[in-house]
Amino acid sequence: WACVVPACRPLAPFLPGLTGPYALPRRTGVSSTYWVSEGQAPTNSNSTTDHCNLSPKTCGALSSFTRLAQLQADNPAIEDFIRADLVAVIAEAIDQAALTGTGTNNEPQGIINTTGVGSVIGGDNGAAVTFDHLAALKAEVSKDNADVPSGGFAINPATEAALLKLKGVTDGQYLLGPAAISAGSPASFWGRKYAVSSLLPSTLVKGNSTAVCSALIYGNWSDLVIGMWSSLEILVNPFGSGFAAGDVEIRALQTVDVAVRHPESFAVMLDAKTA
């Protein structure tokens, strides 16, 4: 996933070097199959395709430091520190857009706002999160033949904390005890990796459950495509509005877009109560 959700970014393919709006092809229907007798040819039938659109959207950040800050900076220099900070915040913004982007106000549209993704609903007022909900998310993807062994869950810290506290009804033992997660091994549920990101909201509202519901996602993350029109551009400007006082500005820009190639590859739950 993205750098804030480290388990998945290697699975989300990138399309670098784009120069204009891009129509990403996808299959919407498959060829028909026929059982035929000796010497009989199957009927001609073609698979059908359409596309999802990627268009350039620019994420930017601007920071500055004073002349005295530069003079007093130890190693690493203040400029290098700010550069590293800009890299981190731009990456986080792309992650946020990929997961929860609204698709409005120049922001990409993320998974939870994509039409056609599967849905698991806890209830009119949400429901306390359980492993049943995670199993239901996986089943939502599986019923469309979209589940793959490399699929995985994205949850937030509140959801992880709630799951870690769950105990068996009869024996009172933790269902996900410390021994269930081996040191150095990827955390997983039923052989499917899960990653934890605070970018998934934990203060959603459902019915009379106010600001205590979390978003959960399961899916085939290779169907989350990130188009890139530029690498991260960082530019230092010593002649900005604070020039007279010796201030220096640093600007970061990156142009990307996000597309869910096959909505059926994902399922979301937006009313998992974690508090």
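These legends describe close-up views of a predicted model.

**View 1. The whole protein chain, by its elements.** The protein chain has four helices and 15 strands. It runs to 275 residues, and 38% of them count as buried. Take the contacts between residues at least 6 apart in sequence: 73% of these join residues at least 24 apart.

**View 2. Helix α4 and its buried residues.** Helix α4 spans residues 157–164. Which of its residues are buried? They are Thr 159, Ala 162 and Leu 163. Seen down the axis of α4, these buried residues fall within an arc of 95°, so they line one face of the helix.

**View 3. What covers that face of α4.** Several elements cover the buried residues of α4. Among them is a helix, α3 (131–142). Strands β7 (152–155), β8 (188–189) and β11 (209–219) are also included.

**View 4. The N-terminal end of α4.** Which residue caps this end of the helix? Asn 156 does. A side-chain oxygen of Asn 156 lies 3.2 Å from the backbone nitrogen of Ala 158.

**View 5. Asn 220 in its loop.** Asn 220 sits in the loop between β11 and β12 (224–228). Is Asn 220 buried or exposed? Its relative accessible area is 8%, so Asn 220 is buried, the cut-off being under 20%. The side chain of Asn 220 makes a polar contact with the side chain of Ser 222, at 2.6 Å.

**View 6. The neighbours of Asn 220.** Residues up to four places away in sequence are not counted here.

View 7. Rolling a probe the size of a water molecule over the atoms shows where empty space is left. The second largest pocket has a volume of about 180 Å³. How many residues line this pocket? There are 14. Nearest its centre lie Asn 53, Gln 109, Val 258, Ala 259 and Val 260.

**View 8. The lining of the second largest pocket, by source and class.** Strands β3 (48–54) and β14 (248–260) each supply at least two residues of the lining. The largest share, four residues, comes from β14. By class, the lining has six nonpolar, five polar and three charged residues.

How values were computed: Residues are numbered from 1 along each chain as its sequence is written. This is a predicted model: local features need pLDDT of at least 70, side-chain atom pairs count only at pLDDT 80 or more; totals for chains, interfaces and linings use all residues. Side-chain values use heavy atoms; hydrogens and water are left out. Buried means under 20% relative accessible area, exposed over 50%, partly exposed in between (1.4 Å probe, protein chains only). The arc is that of the directions from the helix axis to the C-beta atoms. Contact means heavy atoms within 4.5 Å. A polar contact is a pair of N or O atoms within 3.5 Å; within protein, one must be able to donate a hydrogen and the other to accept it, and residues adjacent in sequence count only if both atoms are side-chain atoms. On a 1 Å grid over the protein atoms alone, a cavity is a set of points where a 1.4 Å probe fits but cannot get out, and a pocket is an open set with protein on both sides within 12 Å along at least five of seven lines; lining residues have an atom within 4 Å of a point. Grid points are joined across faces, edges and corners, and a volume is the space filled by probe spheres set on the points. Ala, Val, Leu, Ile, Met, Phe, Trp, Tyr, Cys and Pro count as nonpolar, Asp, Glu, Lys and Arg as charged, and the others, Gly among them, as polar.
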